[in-house]
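Me: Please take a close look at one part of this model, the strands that pair with one another, and then go on to the aromatic rings.

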Amino acid sequence: MYGIRKKQSKYLDVINQDVVILDDIFSQLLVMNANEDGIIYDALMTYVKGDTPKMGKCWNGKKALYFMYNLYDILDTNVTEKERGKHWVSVKVDLITAELVVFDCNWKFTEKVKLDRFMEPVQKMIPLVLQKSGYFGHLDPSPWPYRHPINHPQNKKS
């Protein structure tokens, strides 16, 4: 993700500038904070301000955020050791439509019921972080819906 952020800052006329590309630590912070009854830690707010990650951007005025999300992260206590760390997806936070889009190159890997559970902390925390930032007061702070399109290229499950 750093490489994409670096190219985004170097090729201003080629790579879309109204989006923010985050790192995977961001999704881990969302999951950790989701268990804290709406408390937004300063570490999350450094992302909003653009102080984190390296070559980050302030979210004010942006149209979308992108980040990687490990569905079977070490923070999730409901997965088996065999599942842990096995499946990554990209998540788009659409700041215009107030929805999350999960891009999954192997969408058959994760059952909908599991994906619902994995997306719950993200659905809960993104609107709260946006509200606390003060940049997106017009957006609803209740959990956002997500969609999981399957009409994009897929890897075959082996």
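Reply: This is a predicted model. Strand β3 (residues 88-94) and strand β4 (residues 99-103) pair in the antiparallel sense, over five bridges. In this pairing Asp94 stands opposite Glu99 in β4. The two strands form a hairpin with four residues between them, and Ala98, which is in the turn, has a positive phi of about 55°. β3 also pairs with strand β2 (residues 64-70), again in the antiparallel sense, over seven bridges. Here Asn70 stands opposite Trp88 in β3.

Now the rings. The count of aromatic pairs comes to four. One of them joins Phe26 and Trp59: the ring centres are 5.7 Å apart and the planes are at 75°, so the pair is edge-to-face, the cut-off for that being over 60 degrees. Phe26 lies in helix α2 (residues 24-34), and Trp59 lies in the loop between α3 (42-49) and β2, so this pair ties together parts that are 33 residues apart in sequence. Both Phe26 and Trp59 are buried. Tyr135 and Phe136 form an edge-to-face pair as well, with 6.4 Å from centre to centre and 80° between the planes. Tyr135 counts as partly exposed because its relative accessibility is 31%, whereas Phe136 is buried, with a relative accessible area of 4%. Ring pairs also link Phe26, Tyr47, Trp59 and Phe67 into a cluster.

One further contact involves a ring and a charge: Arg117 lies over the face of Phe118, 4.7 Å from the ring centre.

Definitions and conventions: Residues numbered from 1 in each chain as written. Predicted model: local features only at pLDDT ≥ 70, side-chain atom pairs only at ≥ 80, totals over all residues. Heavy atoms only, no water. Pairing = 2+ DSSP bridges. Phe/Tyr/Trp six-rings, centres within 6.5 Å; stacked < 30°, edge-to-face > 60°. Buried < 20%, exposed > 50% of the residue type's maximum accessible area, 1.4 Å probe, protein only. Lys NZ or Arg CZ within 6 Å of the ring centre and 35° of its normal.
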